[in-house]
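Dear colleague,

Please find below the structure that I am handing over to you.

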Amino acid sequence: MATTCMPKKDVCVTVGAEQVSPEEEKNQPSVERPLVRTKYISTVTIKLYRLVIFIRMGIFVIFFKWRICTAGVMSSTDGGDTSRMRMMWTISIAGELWFALMWVLDQLPKMKPVRRAVDVAALQESMLPTMDVFVTTADPEKEPPLATVNTVLSILAADYPADKLTCYVSDDGGALLTREAVAEAVRFAGLWVPFCRKHGVEPRNPEAYFSPGAAGVDGNKMRVVTRGGYKGRAWPELARDRRHVRREYEELRLRIDALQAGDIRQRRWSRADGSTCWQRGTADDHAEVVQVLIGPSGRTPHLGIVASDGNNLVDLSSVDVRLPALVYMCREKRHRRAHHRKAGAMNALLRASAALSNAPFVLNLDCDHYVNNSQALRAGVCLMLDRGGGDVAFVQFPQRFDGVDPADRYANHNRVFFDCTELGLDGIQGPIYVGTGCLFRRAALYGMDAPPRWRPYGDAKDAAAEHDKFSDSSPFLLSVRAALKQPAQSNTTFPPCLFDEAAIAEATALVSCCYEDSTAWGRDIGWIYGTVTEDVATGFCMHRRGWRSAYCATEPDAFRGTAPINLTDRLHQVLRWAAGSLEIFFSRNNPLLAGRRLHPLQRVAYLNTTLYPFTSLFLIVYCLFPAIPLLTGNAATGTFSTSMDRTPPGAYIAFLAALMLTLAMVAVLEVSWSGITLHDWWRNQQFWMVSATSAYLAAVAQVALKVVAGKEISFKLTSKQSATSASTGGKERFAELYAVRWTVLMVPPAVVLMVNVASMAAGIEGGRWRNGPAAVLAVLFNAWVVAHLYPFALGLMGRWSRTLSPLLFLVVLFTVGLLCFILQFHTLKSGLFLNK
């Protein structure tokens, strides 16, 4: 990839390496200045970071060479201990080799991070292409309709031309409650959207804007931005309008609450004898429906009105009151048919939108992820339309969350992944697609290779291939050809489709459950099937076809959502991610099988993404090693004793100290160049230990059953219920965090915690730590495990964890004393038995 450097230091503007034809040059966006500036982080910090990584890798090589050479020392031992010593040595060296491998796979792709700054002001209004926004929801019980309504309202009010934006709401559960709630949102949008345009309010989510705790989410007060004709001339006018709009929003909330309280929540779409009606049904058995709730608006701005008597509470006479189009969609689902979860719903949205609006760019959002920055859509388009952006398949925005406890006990913010790993991947082939908050190029979703290999279909052979891949809908194939004939790097908008009865009927047929039979949907086209993490698999398929991706972090955050702060829900979420990653590894989308168009370091990143759950097998054994001397009464059978008793202890301690020192240096430097905090890094390390000893282990077991016995992985939808209300008092704030819901996933980490606490207590109380370096290292290892599992211990304590001191200290002392008494009794009993 070629770069043209700007005069500013360390700033480069990306330019595509391929030749641009005169026809494509004609369609290139005409800009006065670059849309994107890419800054390669080449400071002393990142250079030192790379140096320390290579030094640690060198230490790994020397250390393992030394460890393997020590195997010959054990052959001189006498008695029956030889086989046991060799077994423990083999297990420990295998675990250490695996930990080192995974660390290398995690660090290598992050050594070339870049930062991209978009210039939204340089993006002229005429350059903006049409855009389709997909909002997905499946269960009104776990995904409150009010959250979906607020997400839809934030999209409709985004700073994007109303005639170029279409919002699609996918109700995969077919619930009347969801449809009626969205219909209520349509009525309120006629007031909310002009109000946002008039006063430039941020964020444009009514719940976040009107909530008393909205300012506490990111520390910023609600702001008024001067836009268009409004100059912020009258604060009293803003206050008056805000009071009126807030009253209307409170009435909207009451109407939605009334819908939830009624019998309407049990009714679903059902089609019989050619008619459509609502009746009781199930989420897995309902008819297909496509309804246009808001039709497309014209290109000419339409100003509001002012009452002649002057009593109009919101003066919209100078505001464009047009609304973006809004479409409600529910795909058909029947018993004994594969529905492919969220991936199937996204593919149905892709086809239905092609029959109606057919926008060249597609943004997907979960129902709880609202638009927090009204210019986020423009920022994503900048990365697509900039010179060199013709091979960008998707733009991934970081996921930010509201309602997370200030301490972020279970690492919900995941800053290390988004602000470090994804930022690092942006320097090679691009970040990994992680579900919500991602802007796609429609043509890339149709399975096309990246430029310059991208070519439109034209002959009869290609038409037959289209039929086999996309099925036999002629209007849909015409929309596909329109998408594929467009130059890759162009702001040309596809010919607008009509929202007439014929188009709606065609869109309805495209979301039937039998449409995808004998086609390439879910295999080579659209979102990929066969895994519960369809996002990672879909992004991987685009990268292996030669596409790039881009990372876009805006200020303020582009989108914000809801994260599960309860320990049980968080573990089930991680279980789903880990199981899906392993499914990808055992599928045709294995990174090792990808072609040559996948960047080597990108392949390493995907290999790390699909292999990491296997770490649990080695970690759980390593963490349970301290139980062996407790059960046998022989301190010489511990891990560190096995490693040091028959080898020079000084050498082992030197290697261990060097590895720990370089690990600490990598952590500090990583924090420095990525912008995260040490607190975020440490929370990530703690929850990694909790996940690896629980959810990862369960994921390995689930995928093993699928591979061996063909048992499909169960899918549990993450609850999107808000953790706390904005008006909740301090005593009940984050009450969900302290709720204890038992699950089998808690058993392994609880056992690991108990074993290491007992081992540490025995080592301290019995004076074993005085028996040499091995005993000291064993106690330190126990303390290291316990410190990492500290958030898990708090989760088990529930509401008692609020009073961390001195109650927690007393509980720990009592537990340690009880364990020491049990161990003393066990030792005394063993001695009496031997004397007899």
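Predicted model: local features only at pLDDT ≥ 70, side-chain atom pairs only at ≥ 80, totals over all residues.

Residues are numbered from 1 along each chain as its sequence is written, and side-chain values use heavy atoms, with hydrogens and water left out.

The protein chain has 28 helices and 19 strands; these are DSSP runs numbered from the N terminus, helices being H or I of at least four residues and strands E of at least two. Of its 836 residues, 56% count as buried, that is, under 20% relative accessible area with a 1.4 Å probe and protein chains only.

Helix α16 (residues 534–544) is mostly covered, with eleven of its eleven residues buried. Among them are Glu534, Asp535, His543 and Arg544. Gly546, which follows α16, has a positive phi near 100 degrees.

On the surface, Leu624, Trp742, Val744, Val747, Val751, Met754 and Leu796 form a nonpolar patch with about 630 Å² of accessible area together. Such a patch joins nonpolar side chains (Val, Leu, Ile, Met, Phe, Trp, Tyr) within 5 Å, from residues with over 30% relative accessible area and no salt bridge (a side-chain nitrogen of Lys or Arg within 4 Å of a carboxyl oxygen of Asp or Glu). Areas come from the Shrake-Rupley method with a 1.4 Å probe. Helix α25 (residues 747–765) gives the largest share, three residues.

With kind regards

Conventions. Patch = residues over 30% accessible without salt bridge, like charges linked within 9 Å, V, L, I, M, F, W, Y side chains within 5 Å. Buried < 20%, exposed > 50% of the residue type's maximum accessible area, 1.4 Å probe, protein only.
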